[in-house]
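This report looks at charge pairing and a surface patch. Take the sequence and the structure below as the starting point.

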Amino acid sequence: MAGTGSSRRTFIAGTGAALSAQAAAALAAPAASAATAAAAPPAQAAPPAPNGRRVAVLGGGVAGLTAAHELAERGYAVTVYERRALGGKARSMDVPGSARGGRRPLPAEHGFRFIPGIYHNLPDTMRRIPFAGNANGVWDNLVAPPEMMFARSGGREDLRGPIPWPGHSPAALTPEEVRRALSGILQTLVRLPLHETAYFVDRVLVFLTSCDERRTEVWEDVPWWEFTRAARMSNEYQRILAVGVTRNIVATKAEEASTRTVGTLGEAFVFNLLGRGADGPPDRILNLPTNEAWIDPWEAHLRSLGVEFRIGWTVREVRYGSGRVSGVAVEGPDGTRQTVTADHYVSALPVEHARRTWSAGLRAADPMLGRCDRLRTDWMTGIQFYLTERAPLVHGHLNCIDSPWSLTAIQQAEHWPARNFPADYGDGAAVDCLSVDISEWDKPGILYGKTAKQCTRDEVAREVWAQLKASLNDTGRTPLSDSKLHSWFLDPGVDGLGTPNPTNEDELLIHPVGTLRNRPSAGTRVPNFFLSGDYVAVDIDLATMEGANASARAAVNSLLDRDGSTARRCTVQPLYRSPEMESAKRHDLWRYRLGLRNVFDVG
């Protein structure tokens, strides 16, 4: 792509399609397709009897829609206020101006969906969203990619693995059985020096057998880089097991990331991989663009339950008076302001937006809100490349482990069997969508020597394409070629690239050491104000859709308690805890209180 006339023309074409209507794309709600609307069945039961209580839900992402869903099922009159479009960071969107000949616009997104088997609360919600022809609602739209790949650069062999991993489901999750299974998987897939594999597995066992007190009081303050002793290890160990795990999954740096956060997520994936405590396979995605498969049917179902939506309304201030939230100042699509009043208020905005709306009086009423100012966010944003030929890459997710910008990607068309990509989307020339997440925006790239934030939108696209080719075209094959590139689309929430002040409307909560202590609970000291979002303290200590869903359930339960409601409480299912590990954890608690190391912690 660098410097050739054909590649420049290709990117100019892509830029024209992707940039001409960026402002419109940023403001427009993704339209529900007529086909999807027609397909969505009516609610299977009549809406619950209203209880006369009104709730204002501030934000229409996964957290806000979950809260609205749970409340509406319990008879509350719910109004959702959303600034841009329902679904938040989870939504898909249309590429403006891309449709031709009666086809659908090309589908784009903030970042590709990933709904692993370790999730339980979100899948429960998906089962309760009707979808025509599906016995289990939207949940039946989940499909499992059969493999994954670590793509290496510099001519190194790419590492591929099947999902789920065959032959490694031990009869019991004892430490020795876990050691055997993980050692076999790592030796086959990652191919590190044997002593490094053995050491990393020992570190995993340290965490798996650590008591909760050690996790919270020690590992929360130890960076993952230090916990894994990455500085002593090979470059391969560092790239895959230290940097790759943190930057590509939780969008934070291994040198900063809390071991408790990384380890808790890793523990859940280990158990899932070994066939324990999961809702499904370790890797699941949707079989259609997100809005078609999930968000549009969800909206239709919530409307059938009586939920009202105010799209284009921006929350400006949550006001406090007489010991309660007295109202919320909102700004309508035409710029006019008004005050919304309700009996209860659920703040379901991302933390970087939510904390700007909390008035001084509200913050004074609950000091926990002030601690949210210490929570940090970073950039993890998607770009889609539309291809005129299918590229033979991998039938699932790929991780460009050596890419400076920490790229992960998936080819989507093969996972959407109900759609004929060239016939249904765009101008009929694009046959696939390679959806890429950029996790590192502050390191220089290989094409321009600039960070992603310093690049223009066009330069970001060129740089990402170059890094993809460096990872995938370096072993004698050329699965990605400039001639196959139809166009590209970069998330419109990113603005000001190439200027001194780039902005991102959809940042991601990150988890440096000590973050846990600043995460708030769903219930506040203000009796009619509740928090929902992936920054709220729930069992899954990570910025995820599962965390957003679980926190919304916790917020609704707190609201029901405050309201004296007799309605059943929401189920909030914690991450799986292996019974076989509990005895080891009890032993570790004894050692921890005596000031001793974990029994597997040999330094």
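## Surface patch

Trp-590 sits in helix 19 (residues 579-593). Helices (H or I, at least four residues) and strands (E, at least two) are DSSP runs, numbered from the N terminus. The model is predicted: local features need pLDDT of at least 70, side-chain atom pairs count only at pLDDT 80 or more, and totals for chains, interfaces and linings use all residues. Residues are numbered from 1 along each chain as its sequence is written, and side-chain values use heavy atoms, with hydrogens and water left out.

Together with Leu-594 and Leu-596, Trp-590 makes a nonpolar surface patch of about 320 Å². Patch residues have over 30% relative accessible area and no salt bridge; like charges are joined within 9 Å, nonpolar side chains (Val, Leu, Ile, Met, Phe, Trp, Tyr) within 5 Å. Accessible areas come from the Shrake-Rupley method with a 1.4 Å probe, and for residues only the protein chains shown count as cover.

## Salt bridges across the chain

Side chains of opposite charge can pair when their charged atoms come close. The structure holds 48 salt bridges. The criterion is a side-chain nitrogen of Lys or Arg within 4 Å of a carboxyl oxygen of Asp or Glu.

One of them joins Arg-156 and Glu-236, with the closest N and O atoms 3.1 Å apart. This pair links distant parts of the chain, 80 residues apart: Arg-156 is in the loop between strand 6 (147-151) and strand 7 (159-162), Glu-236 in helix 10 (residues 235-249). Arg-156 is partly exposed at 31% relative accessible area. Glu-236 is also partly exposed, at 25%. The classes are buried (under 20% relative accessible area), exposed (over 50%) and partly exposed (in between), with a 1.4 Å probe and protein chains only.

Arg-376 and Glu-256 form a salt bridge at 3.2 Å, N to O. This pair also links distant parts of the chain, 120 residues apart. Arg-376 is in the loop between helix 15 (367-371) and strand 14 (377-378); Glu-256 is in the loop between helix 10 and helix 11 (259-273). Arg-376 is partly exposed at 39%, and Glu-256 at 27%.

Arg-363 and Asp-373 meet at 2.7 Å, N to O, in another salt bridge. Arg-363 lies in helix 14 (residues 360-365) and Asp-373 in the loop between helix 15 and strand 14, so the bridge ties together parts 10 residues apart in sequence. Arg-363 is partly exposed at 21%. Asp-373 is partly exposed at 40%.

Salt bridges with shared partners join Glu-70, Glu-73, Arg-74, Asp-124, Arg-128, Arg-553 and Arg-568 into one network.
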